[in-house]
Amino acid sequence: MIPVCRIEDLPEGESVRVEAGDATAAIAVFHTDGAYYAIDDTCSHQDASLSEGWLEGCYVECPLHAALFDLRSGEPTCLPARQPVRTHAVTVVDGMLYVHPAAHTVPGEPARTAPEEAVA
């Protein structure tokens with residue numbers, strides 16, 4: 001479990017990049033449509049940070065070549081990306097966002113989100 005930030009520090013429509021440590025690539029965390037989503041931060045087409053992309057509802061557009069990824073599944077919705085990015089679980093505990101890196105999941109697995117605060 002990786003601490004991200006307090007919920008008030010990630011406003012609706014914004015994203016943040018989190019370094020996940022040695023075993024996992026960086027993770028992009030998004031707040032959109034009243035929920036939090038986390039995906040691998042690197043575009044599957046070419047090395048570009050998805051946390052720096054353009055957020056449109058539950059989709060993020062890669063800033064390099066405009067590949068569009070569904071935050072819920074990690075699936076690309078248009079070329080040039082063909083491979084999905086991994087999704088990661090996000091939880092909220094006592095007003096703090098946490099990401100649970102999905103080290104062993106298959107890219108394209110549906111994201112698990114926590115739009116409301118969980119009880120610790």
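**Salt bridges, pair by pair**

Mentor: Start with Glu8, which is exposed at a relative accessible area of 54%. Here exposed means over 50%, buried means under 20%, and partly exposed lies in between (1.4 Å probe, protein chains only). This is a predicted model: local features need pLDDT of at least 70, side-chain atom pairs count only at pLDDT 80 or more, and totals for chains, interfaces and linings use all residues. Residues are numbered from 1 along each chain as its sequence is written, and side-chain values use heavy atoms, with hydrogens and water left out.

Glu8 forms a salt bridge with Arg6; their closest N and O atoms are 3.2 Å apart. The term requires a side-chain nitrogen of Lys or Arg within 4 Å of a carboxyl oxygen of Asp or Glu. By that rule the count is 5. Arg6 is partly exposed, at 35% relative accessibility.

Next comes Arg86 with Asp40, at 3.0 Å from N to O. Arg86 sits in the loop between S7 and strand S8 (87–93), and Asp40 in strand S4 (residues 35–40), so the pair ties together parts 46 residues apart in sequence. Strands are DSSP runs (E, at least two residues), numbered from the N terminus. Arg86 is buried at 14%. Asp40 is buried too, at 13%.

Asp70 pairs with Arg72, again by a salt bridge, with the closest N and O atoms 3.0 Å apart. Asp70 is buried at 11%, whereas Arg72 is partly exposed at 35%.

Finally, salt bridges link Arg17, Glu19 and Asp41 in a network.

Note on methods
Helices (H or I, at least four residues) and strands (E, at least two) are DSSP runs, numbered from the N terminus.
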